[in-house]
Amino acid sequence: QFTVIGDSVNMASRIESTTKKAGAPFLISSEMYEIVKTCVNKGRVFETKLKGKTGLYRLYEILSMKEDHRPLTDVVNEFLNKMMSPEDAPKFLRLVFHDAGNFNAETGEGGMNGSLRFELDREENLSLKPYFEKLETIRSELKERAITISYSDLIAFAGAVAIYKVGGPRINLSLGRKDVDQAGERMRVLSPDVSIRDLLDLFSKMGLSAKDLVVL
């Protein structure tokens, strides 16, 4: 087991304990503020004593990162979190499932590629159309901020936020999925004529097992 000792650690501990007294979410020292001031939005400034130290110390309340210094993934997640309610989360998760439904494990083709946008007028997808349109709105808002994101990335991130919204784990995703310009071959699982055997065959093409089918 390892630990860290020294004056810097003691100082950080004193600053951390001051956050509660100040009612601040996050405080940093003046030395640290000089390093990061171009990247952060600051709030209040405190002149305070620190336990075990002499004199007054200037502490800065940090409210957030400036947008042009924030990871793009954080910005996308923030937009989705604000837009999505827990009640709507299952619909966004279905967008992920249907967009990935053309994956072929043998060829490596298909998967999360934005191809669902070409099939939203199909009868079984009509209920998903309003939720895809909400993602379109977010995509437009991001574009106004000079942020371009693929449909497949946006759908994938919406699915991760949906899982978190209903009490699941936080899933950290990266950007970089590419959109295709046509629908491609898609598994059609909602037909009343589809049997369990048909479903198992369809899922096996995606590299999924019977256990995965039951979970889904």
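Biologist: How many of the residues of H6 are buried?

Modeller: First, a caution: this is a predicted model. In it, 12 of the 15 residues of H6 are buried, and H6 is mostly covered.

Biologist: Which residues of H6 are the buried ones?

Modeller: They are Tyr151, Ser152, Asp153, Leu154, Ile155, Ala156, Phe157, Ala158, Gly159, Ala160, Val161 and Ala162.

Biologist: And what do the buried residues of H6 pack against?

Modeller: Three helices: H3 (72–83), H4 (89–99) and H5.

Biologist: Take H5 then. At what angle do H5 and H6 pack?

Modeller: About 115 degrees, with the axes 11 Å apart. H5 covers residues 129–144 and H6 covers residues 151–165. Angles from 65 to 115 degrees count as roughly perpendicular, so H5 is roughly perpendicular to H6.

Biologist: Is the crossing of H5 and H6 right-handed or left-handed?

Modeller: H5 passes H6 in a right-handed crossing. On the H5 side, Phe132, Leu135, Glu136, Ile138 and Arg139 make the contact. H6 contributes Tyr151, Leu154, Ile155 and Ala158.

Biologist: How do the residues of that contact of H5 with H6 divide?

Modeller: Seven are nonpolar, two are charged and none is polar.

Biologist: Now H4. How do the axes of H4 and H6 cross?

Modeller: They cross at roughly 140 degrees and come within 8 Å. Over 145 degrees would count as roughly antiparallel. H4 and H6 are therefore oblique to each other. Their crossing is left-handed.

Biologist: Which residues make the contact between H4 and H6?

Modeller: From H4, they are Ala89, Phe92, Leu93, Leu95, Val96 and Asp99. From H6, they are Ser152, Ile155, Ala156, Ala158, Gly159, Ala162, Ile163 and Lys165. By class, the contact of H4 with H6 has 10 nonpolar, two polar and two charged residues. Ile155 and Ala158 of H6 are also named in the contact with H5.

Biologist: What about H3 and H5, how do their axes cross?

Modeller: Roughly 140 degrees, with the axes coming within 11 Å. H3 and H5 are therefore oblique to each other. H3 passes H5 in a right-handed crossing.

Biologist: And which residues of H3 and H5 make the contact?

Modeller: H3 brings Val75, Val76, Phe79, Leu80 and Met83. H5 brings Lys134, Leu135, Ile138, Glu141 and Leu142. Eight of the residues in this contact of H3 with H5 are nonpolar, two are charged and none is polar. Leu135 and Ile138 of H5 also take part in the contact with H6.

Biologist: Quick geometry check. What should the 15 residues of H6 span?

Modeller: At 1.5 Å a residue, 21 Å. The end C-alpha atoms of H6 are 21 Å apart, so the two agree.

Biologist: What follows H6?

Modeller: Gly167, with a positive phi near 95 degrees.

Biologist: Which residue has a positive phi although it is not a glycine?

Modeller: Ala146, at about 65 degrees. Most residues other than glycine have a negative phi. Ala146 sits in the loop between H5 and H6.

Biologist: Is Ala146 buried or exposed?

Modeller: Exposed, because its relative accessibility is 69% and the cut-off is over 50%.

Biologist: Back to H4. Is His98 buried or exposed?

Modeller: His98 lies in H4 and is buried, with a relative accessible area of 11%. Its C-alpha is 12 Å from that of Lys129, which is 31 residues away in sequence.

Biologist: New topic: where does Ser204 lie?

Modeller: In helix H7, residues 196–205. At 43% relative accessibility, Ser204 counts as partly exposed. Ser204 and Ala105 are 99 residues apart along the chain, and their C-alpha atoms are separated by 8.1 Å.

Biologist: And where is the place of Met206?

Modeller: Met206 is in the loop between H7 and H8 (210–215). Met206 counts as buried, because its relative accessibility is 13%. The C-alpha atoms of Met206 and Thr107 are separated by 9.9 Å. That pair is 99 residues apart along the chain.

Methods:
Residues are numbered from 1 along each chain as its sequence is written. This is a predicted model: local features need pLDDT of at least 70, side-chain atom pairs count only at pLDDT 80 or more; totals for chains, interfaces and linings use all residues. Side-chain values use heavy atoms; hydrogens and water are left out. Axes are lines fitted to C-alpha atoms, for helices over the stretch in contact, and angles run from 0 to 180 degrees between N-to-C directions. Helices (H or I, at least four residues) and strands (E, at least two) are DSSP runs, numbered from the N terminus. Angles under 35 degrees count as roughly parallel, over 145 as roughly antiparallel, 65 to 115 as roughly perpendicular and the rest as oblique. A crossing is left-handed if the near helix is turned anticlockwise from the far one by less than a right angle, and right-handed if clockwise. Contact means heavy atoms within 4.5 Å. Ala, Val, Leu, Ile, Met, Phe, Trp, Tyr, Cys and Pro count as nonpolar, Asp, Glu, Lys and Arg as charged, and the others, Gly among them, as polar. The expected span of a helix is 1.5 Å times one less than its number of residues. Buried means under 20% relative accessible area, exposed over 50%, partly exposed in between (1.4 Å probe, protein chains only).
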